[in-house]
Amino acid sequence: MKFSTDYVYNQLDDEWKLVWNALNTMCIACIQSTETMHQSESEGVLYYHLDGITLPEDTTLEEMLAFLDFFMSSNPQYYFLSNMLLGDTFTKADDDSEEKTVYVSKIALCLYNAFGSGVARTEATEKFRNEIETVLELVDNIENATEWMKLKYIHDYVVCKVEYNHGVLEDGNISDEEDEEWLTQSAYSVLCDDREVTVCAGYAEALALLCNGLGLDTLSITSVDHMWNKVLVDGFWYNVDATWDDKGENASISYDYFCKSDDAYAKDVEQNVKSHTPMEYWMEYVPACKANLDAEGNFLFEVIEAKIQNNFYQTS
């Protein structure tokens, strides 16, 4: 059973695929290991981290961050990874310019402190796997379940499992300390955390994890301030935003952002359109979502205004 997607990986060049494969190998070893991970101190803070890995020559800071977004968004099963990383950087002036570019030669991905020790990670991994198996078994027991039915079940499960953690966004941003406390960027916050609160990254990563586990190719996409999913169902890609379909405790499940096209999202209010506009580096990789489904799985057809020119021919 596979919980990741190769959609972006398959579009990378060979050099970056090697880096991806190396990170993947490290993460698998981390899951299987009962040892405490490496520890390093930076600016007075102690971090648990994986082994360091060398990047392709002259990798810019922006290129590295984009690549890591691709990797982590494509691999929600690595619940223990935080958004922190350690790295070696250097700067050099651009040709014919006084501008300097920041380059990254080596990085090491960091873990949430809660999963740094081997004992804690072993317990967390078992709990994580058990919850995944429980949910997927429930879906497997649905008689004659279509791909759309499977997606809807996972969407509803995620929406009902947690509430949005508004408390960590009081100042508009999630601090490193709050992320460490609440595991906001991990599917673990949805599946296993008894506090049952998360933010958009948790919703998206959990949905991607479970949908991929069911064989539905699913991406988690990031914008400047949000994360949601694109899911392949019966040959069509759809946008799915479980975060925004969660209207809060005791509210009915919404399907306003479930199985929608890019055009449907683009017709939303201005701020919401901004939140559903992928980061620029995603643009050449994301699949186009061209269809809409209603809450019953039926196609929604848009009215197309068109004029047809009729040609009349007279014969003698």
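In this predicted model, the second largest pocket holds about 540 Å³ of space. Its lining comprises 25 residues, and those closest to its centre are Met 1, Lys 2, Phe 3, Ile 31 and Gln 77. Helices α1 (14–32) and α3 (118–140) each contribute at least two residues to this lining, and α3 provides the largest share, eight residues. By class, the lining of the second largest pocket consists of eleven nonpolar, eight polar and six charged residues.

The largest pocket has a volume of about 1,300 Å³. It is lined by 47 residues, among which Asn 83, Gln 185, Ala 201, Thr 222 and Met 227 lie nearest its centre. Several elements each supply at least two residues of this lining: the helices α2 (61–74), α5 (176–182), α7 (200–213) and α8 (242–245), together with the strands β4 (81–93), β5 (100–111) and β6 (163–164). The greatest contribution to the lining of the largest pocket is that of α2, with six residues. Its lining divides into 23 nonpolar, 15 polar and nine charged residues.

The nonpolar interior is considered next. In soluble globular proteins, nonpolar side chains tend to be buried together. The largest nonpolar core in this model has 80 residues, of which Phe 80, Leu 151 and Leu 191 touch the most other members. Helix α1 gives the most to this core, with eight residues. For Leu 151, contacts beyond four places in sequence are made with Leu 207, Cys 211, Leu 216, Val 231, Val 233, Val 240, Phe 258 and Cys 259.

| Residue | Relative accessibility | Class |
|---|---|---|
| Thr 59 | 2% | buried |
| Leu 183 | 6% | buried |
| Asp 193 | 10% | buried |
| Glu 196 | 37% | partly exposed |
| Asn 113 | 38% | partly exposed |
| Thr 134 | 41% | partly exposed |

Asp 193 is a charged residue located in the loop between α6 (188–191) and β7 (197–198). Asp 193 counts as buried because its relative accessible area, 10%, falls under the 20% limit. Its side chain makes a polar contact with the side chain of Arg 195, at 2.7 Å. When residues up to four places away in sequence are set aside, Asp 193 touches Trp 182, Leu 183 and Tyr 188.

Leu 183, one of these contacts of Asp 193, is placed in the loop between α5 and α6. Its relative accessibility of 6% means that Leu 183 is likewise counted as buried. Most residues other than glycine have a negative phi. Leu 183, however, has a positive phi of about 55 degrees although it is not a glycine. Glu 196 also has a positive phi, near 55 degrees, and is a residue other than glycine. Glu 196 lies in the loop between α6 and β7, where Asp 193 is also found. Glu 196 is partly exposed, with 37% relative accessibility.

Thr 59 belongs to strand β3 (residues 53–60) and is buried at 2% relative accessibility. A polar atom of its side chain lies 2.6 Å from the backbone oxygen of Pro 56. Leaving out residues up to four places away in sequence, Thr 59 touches Trp 16, Met 64, Val 102, Tyr 103 and Val 104. Thr 134, by contrast, is situated in helix α3 and is partly exposed at 41% relative accessibility. The side chain of Thr 134 reaches the backbone oxygen of Asn 130 at 2.9 Å.

The positions of Thr 134 and Asn 113 can each be described relative to Leu 169. The C-alpha atoms of Thr 134 and Leu 169 are separated by 31 Å, and the two residues are 35 residues apart along the chain. For Asn 113 and Leu 169, which are 56 residues apart along the chain, the separation of the C-alpha atoms is 21 Å. Asn 113 is found in the loop between β5 and α3 and is partly exposed, at 38% relative accessibility. Apart from residues up to four places away in sequence, Asn 113 touches Leu 46, Tyr 48 and Glu 180.

Key:
Residues are numbered from 1 along each chain as its sequence is written. This is a predicted model: local features need pLDDT of at least 70, side-chain atom pairs count only at pLDDT 80 or more; totals for chains, interfaces and linings use all residues. Side-chain values use heavy atoms; hydrogens and water are left out. Helices (H or I, at least four residues) and strands (E, at least two) are DSSP runs, numbered from the N terminus. Buried means under 20% relative accessible area, exposed over 50%, partly exposed in between (1.4 Å probe, protein chains only). A polar contact is a pair of N or O atoms within 3.5 Å; within protein, one must be able to donate a hydrogen and the other to accept it, and residues adjacent in sequence count only if both atoms are side-chain atoms. Contact means heavy atoms within 4.5 Å. On a 1 Å grid over the protein atoms alone, a cavity is a set of points where a 1.4 Å probe fits but cannot get out, and a pocket is an open set with protein on both sides within 12 Å along at least five of seven lines; lining residues have an atom within 4 Å of a point. Grid points are joined across faces, edges and corners, and a volume is the space filled by probe spheres set on the points. A nonpolar core is a set of buried Ala, Val, Leu, Ile, Met, Phe, Trp, Tyr and Cys residues joined through side-chain atoms within 4.5 Å.
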